[in-house]
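Here is a short note to read alongside the model. Please keep the sequence and the structure open while going through the points.

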Amino acid sequence: MTLFSQLDRWKEQGTISPEQHILLIGLSRDEPCSLFLPLNILFYAGVLALVGGLGWTVRTYAAQLGDIIIVTALSAILAGSLWHCFTHAPNILTQAPNMVLDYVLYLGCLTWSLELAYIETRFHLLSGQWDNYLLATACFFFALAYRFDNRFVLSLALSTLAGWFGITISRLPGTQESSYRQYAILYGLLVAVAGIALRRLSIKPHFFGTWLNVAANVLLAAVLSGVFERAGYLLWFLLLLVGCGASLAYGLARRQFVFIAYAALYGYVGISSILIRNMSDATAVLSYFVVTGIAMLVALTVTARRFGRES
Amino acid sequence: MRVYTAADEESLRILQLLKDWVNLGFLEESQRQTVQQDVTCELRRTNGFLRAVLFIFTLISAAAAAGLFFIVSPPRDAASFLLLVFAAACYAGAEFAVSRFHLYRHGIEEGLAVLSIGFLWSGVQAASPQGSLEFAAPAAGAIASYLLYARFGFQYLFLAAMAFAAAIPQFWTASHSGQHLIVAAFYLAGLAIVVRIQPSHRLDYLDAEYSVIETLLWLGLYLSLNLQLSSASLIAPWRPDLANSAEFSRPFYWTTFVMIWLVPAIILWRSLAIRDRTITSLGLVVAILTLATNKPYLGLPHHAWDPILLGLLLIGVAIAVRRWLANGPAGIRQGFTAQRLSGRDKQWIDSLSPTLAIVLPNPTLAPLSSEHEFGGGTSGGGGASSDF
């Protein structure tokens, strides 16, 4: 039975109202056709191009333009962006009323970062203590993200905070630096605790998923990098088992399959690296992957059937 | 041809739409619970994350099994034959998984289908003699990918078929212009077929699928025509065989220049005519690519402020279109609206935006530290010297 015949049937049965029937028939035929996604693409690409161009221009023409022009121009964009956001969403409880506000705020935040980078590089106001800028910027972004309910800016805040901890995305996979690993774990724990606390306080609880995903990935990646060490990896291995166990338990309890997936992938890679690191026989290695691969398939399928819900 | 029945796929579409409509507030949850009882579907689906993990583990175990077979009983002269046997076995496994367990986008049958193409391509590659039959491997890959797409409906296999098809012409002609033309002809032929078929599926579950297929074909056509992109430094390390844009004949070069302006216009015109937002989105993306590659095409140098102008143009267009639509009755003009009417749009933006915000360069994390690039500021405020 097609969608349209079903809709007709539900109207005749009285399950949906005639108004709903007209609306849903129209939506099923793309009437009206929504340009929401294409407009978002235009805004997003536009903001990125604009800020990228500003950065390139500042870099290339700093000498010709001079500090006053550069700082004034960047400050004007920043002030204009913030003015627009605060005047168009004056109520702190009001969610972003339209997509323009989201991108204007994103533009303002990126411009703030650019201006700060320029000012510090040029004037060394904090004597090169870049860390302080990062922390202040992260706090500023968190405040704006929560004030305007903006996920772009929340992610920007989380990546800036990670920068304060000395973590950048390029250093995440497989790094061997133990000091970096400890900072990454500290960052992951802090993000997890902050996310939980904010949710308990019912402050934008719909952001909790973003906090927890970032925390889980940073923590598990950091611990996994310790498992790859040639010596002293036992503690990291135990921590990985604990982390994967916690991720699995949370995923099962909340039916959040992404956390089951994290547990499966990080756990499998970690355990495999321990078990096959001293194997030199290709037959044994391949046999291991055949057996464990099938075992994982069975375990995940059973888990999905038992605890699952369809996507 | 399709392994799933039309009724099942239509039911899945209805279930997805019902969920969407509840999320958008067009339907009450209680209404959904009631009407959902009328929609029966025996297909077994899973969550997207689990689907990805199952796909990975299927690839690991099946590829390791094939490798194990080669090590335990190494074939002397029959390696290609053995690979073809593995391809057949993987395909049979995918069919079995669907027919026996009713799997639908479940990762396992997808992993087996992908492996069967990989084994087939490797087998034909190993069996093909050097010379006139070298094109057989990509051709086999293209045909197999298309057939498995048609059988299971995995749209990424259609993309794989397009990629294999793009690799065929290099065995037919040494002329880079000729290769671009043949690839463009492949995609154009595909477009002609899809454009002809799609209208009869405007109201059923295949509409969205054909929309994606048409989008992929338009993208392929555009990329095959934009010589600046195909010879870009981004791709060059992986495809050193690709020609430098200066190697093309002038008439061909300038024809493609005209085409990279025409194709986005045609895509946008068609997408608005058939009211397809996936194709509209692609039209905008390729229009941006045309604007970004226009200067290299003309041999003009890029200026630092070019991205600023591009950004302002894109933002200006977006604001103008949005305002124009919003000022229409009920926010609708000519059958278009800026409002979100699909849960998938929000899903895309919600899942992509945080990832992009983290992955893309954050200016705060990359201070403008290359001091030598700031020579001789004119004001040198704050007591700083003019050079740093």
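1. In which helix of chain B is A292(B) found? The residue sits in helix 12 of chain B. Bear in mind throughout that this is a predicted model.

2. Is A292(B) buried, exposed or partly exposed? A292(B) has 17 other C-beta atoms within 10 Å, so it counts as partly exposed. Along the chain, H302(B) is 10 residues apart from A292(B), and the C-alpha atoms of the two are separated by 9.5 Å.

3. Turn next to the contact between the chains. Chain A gives 93 residues to the contact, and chain B gives 93 residues. On the side of chain B that touches chain A, the elements giving two or more residues include helix 1 (6-23), helix 3 (48-72), helix 12 (277-298) and strand 2 (336-337) of chain B. Helix 3 of chain B supplies the largest share of that side, with 16 residues. By residue type, the side of chain B that touches chain A holds 53 nonpolar, 27 polar and 13 charged residues.

4. The two chains also pair through strands. Strand 1 (residues 33-34) of chain A runs parallel to strand 2 of chain B, and the pairing has 2 bridges. Within this pairing, which residue of strand 2 of chain B does S34(A) stand opposite? The residue is T337(B).

5. Finally, consider how chain A is divided. The domain assignment gives domain 1 (1-33) and domain 2 (34-164) of chain A. The centres of these domains, taken over C-alpha atoms, are 44 Å apart.

Notes. Residues are numbered from 1 along each chain as its sequence is written. Chains are lettered from A and ligands numbered from 1 in the order in which they are written. This is a predicted model: local features need pLDDT of at least 70, side-chain atom pairs count only at pLDDT 80 or more; totals for chains, interfaces and linings use all residues. Domain bounds come from an automatic or database domain assignment. Two residues are in contact if their C-beta atoms, placed from the backbone, lie within 7 Å. Helices (H or I, at least four residues) and strands (E, at least two) are DSSP runs, numbered from the N terminus. Ala, Val, Leu, Ile, Met, Phe, Trp, Tyr, Cys and Pro count as nonpolar, Asp, Glu, Lys and Arg as charged, and the others, Gly among them, as polar. Two strands pair if DSSP finds at least two bridges between them. A residue is buried if 20 or more other C-beta atoms lie within 10 Å of its own, exposed if 12 or fewer, and partly exposed in between; C-beta atoms are placed from the backbone.
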